[in-house]
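Hello,

Here is the structure I said I would pass on. Please open it first, then read the notes below.

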Amino acid sequence: MSNPIEGKRIVLGITGSIAAYKAADLASKLTQAGALVDCILTEAAVKFMQPITFQSVTGRKAYVDADLWGSDGHVVHIALGRAAELLLIAPATASTMAKLAHGIGDNLLAVTALAADCPLMLAPAMDAGMFSHPATAENVRILQERGAIFIGPEPGRLASGLVGKGRFTEPVDILAQVRWHFSRGGVLAGKKVLITAGPTREAIDPVRYLSNASSGKQGYAIAQALQDAGAEVTLVSGPTALTAPVGAYEIPVVSAAEMKTAVMTALPGMDAFISVAAVADFTPAELHPEKWKKTGESAMLALNPTEDILQAVSDWRTIHQPSMKVVGFAAETQDLLENAANKLAQKRLDLVVANDVSGVEKIVFGAAENRVAFLDRDGSVQQFDWMDKYQVGEEIVRYLVQPD
Ligand code: CTP
């Protein structure tokens with residue numbers, strides 16, 4: 001298993017906008033993600049960027065209009081168009097969109113677009129007035145009706161100095177959209193998965209809270225891996241510094257109680273629930289309405305237990321959705337497998353991912369890697385070596401696609 005861009009053939013069209021310089025970064029990012037990127041620059045694009053730049057970052061020939069009229073001219077556009085699994089035009093100018101909308105094939109890119117029968121993705125970049133012009137708006141509508149996927153443009157400051165909708169979407173965000181596009185039809189296509197991630201915060205007073213060291217990285221990495229496999233992902237997340245995968249539906253929460261409400265509301269219709277969040281087990285018995293002042297004396301903080309969300313989900317599925325898979329984590333600092341097996345049995349889970357968080361070998365919180373063991377309800381135990389947190393997600397995908 002790998003990221004869904006790996007090995008994909010993408011034709012990247014670059015047209016005449018100052019944002020063409022950002023297309024070099026995009027071509028590089030797509031290549032690094034494993035795509036085979038064939039770039040086609042229009043004549044206007046060549047005013048901003050040279051083909052050699054694209055050739056250098058993709059390791060493949062970058063095409064210009066001269067190639068349309070060259071010795072292989074009669075086939076180059078057919079070959080590029082037919083082989084492409086995605087035609088991505090980024091940046092796309094108003095003029096190129098007009099050509100595509102009306103089937104005008106007067107340059108290599110436009111004629112390749114006519115020859116291609118793959119999905120078309122466009123990331124427009126132009127001055128705001130040009131994007132909102134009725135002619136452009138009509139061309140966008142025509143292309144959308146024909147199934148073209150638009151990424152942006154974004155609102156913001158434009159090269160003209162004006163502020164409006166016309167900014168080229170950042171390459172990293174276009175990459176995320178391409179990734180999401182190729183994930184459809186993956187092994188988990190049509191499956192809905194609910195994931196919790198991150199820590200929770202239990203308020204003591206308006207400025208203080210109880211929390212834990214969870215960064216959310218493991219939960220978000222699992223969300224990305226499941227999304228890459230084509231699942232429809234809902235991510236209920238406590239406060240983290242992370243961004244949810246493009247395409248995932250994110251529900252931000254703060255406290256354990258809020259997380260429970262969000263989870264129970266989202267649960268009906270889910271095919272799997274994956275409880276990665278480090279949910280607080282205790283919450284202050286009372287919330288100080290004002291900042292708790294020091295008195296010089298020692299102070300006591302009374303705590304009440306929180307509800308166990310995973311347990312509640314497991315109980316709920318027994319009655320309402322027996323086919324739903326329930327996966328829990330067991331963060332332990334001692335007797336890892338024994339404690340994890342107890343959680344599996346007590347919470348009646350399908351799978352528990354046992355996670356040594358003692359920090360004896362390596363720190364797990366906030367790190368890129370994790371070392372886990374899978375214990376399933378049939379009694380099998382699979383111990384993995386240290387691996388990237390995304391790979392833990394891939395192993396969960398593998399588990400979910402197994403027949404019962
Ligand atoms: N969990 C939960 N709600 C809670 C506490 C934990 O949903 N209030 C979930 C976690 O997301 C994890 C699993 O339960 O999937 C186990 O969490 P963990 O913190 O390892 O154990 P606890 O159940 O809290 O038990 P203990 O504190 O005794 O280790």
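**Around the ligand**

Strand S17 gives the most to the shell around the ligand, with four residues. The model is a predicted one, so please read every value as computed. S17 covers residues 325-332. Helix H13, residues 309-320, also supplies at least two residues of the shell.

In total, 16 residues surround the ligand. The closest are Ser 275, Ala 277, Phe 329, Lys 343 and Lys 347. Sorted by class, the shell has eight nonpolar, five charged and three polar residues.

Where does the ligand sit? You will find it in the largest pocket.

- Lys 343: a polar side-chain atom lies 2.8 Å from an oxygen atom of the ligand.
- Ala 331: here a polar backbone atom is 2.9 Å from a ligand oxygen.
- Asp 281: an N or O atom of the side chain is 3.0 Å from an oxygen atom of the ligand.

How much of the ligand does the protein bury? Taken alone, the ligand exposes 570 Å², and the protein buries 77% of that.

**An aromatic pair**

Searching the whole structure turns up one aromatic pair. Phe 374 and Phe 384 form it, in an edge-to-face arrangement. Their centres are 4.9 Å apart, with 70° between the planes. Phe 374 lies in strand S20 (residues 372-376), while Phe 384 is in the loop between strands S21 (381-383) and S22 (387-388), so the pair ties together parts that are ten residues apart in sequence.

Best wishes

Definitions and conventions
Residues are numbered from 1 along each chain as its sequence is written. This is a predicted model: local features need pLDDT of at least 70, side-chain atom pairs count only at pLDDT 80 or more; totals for chains, interfaces and linings use all residues. Side-chain values use heavy atoms; hydrogens and water are left out. A residue is near a molecule or strand if one of its heavy atoms lies within 4 Å of it. A polar contact is a pair of N or O atoms within 3.5 Å; within protein, one must be able to donate a hydrogen and the other to accept it, and residues adjacent in sequence count only if both atoms are side-chain atoms. Accessible areas come from the Shrake-Rupley method with a 1.4 Å probe; for residues, only the protein chains shown count as cover. On a 1 Å grid over the protein atoms alone, a cavity is a set of points where a 1.4 Å probe fits but cannot get out, and a pocket is an open set with protein on both sides within 12 Å along at least five of seven lines; lining residues have an atom within 4 Å of a point. A molecule sits in a cavity or pocket if more than half of its atoms lie within 2 Å of its grid points. Ala, Val, Leu, Ile, Met, Phe, Trp, Tyr, Cys and Pro count as nonpolar, Asp, Glu, Lys and Arg as charged, and the others, Gly among them, as polar. Rings of Phe, Tyr and Trp (its six-membered ring) pair if their centres lie within 6.5 Å; planes under 30 degrees apart count as stacked, over 60 as edge-to-face and the rest as tilted.
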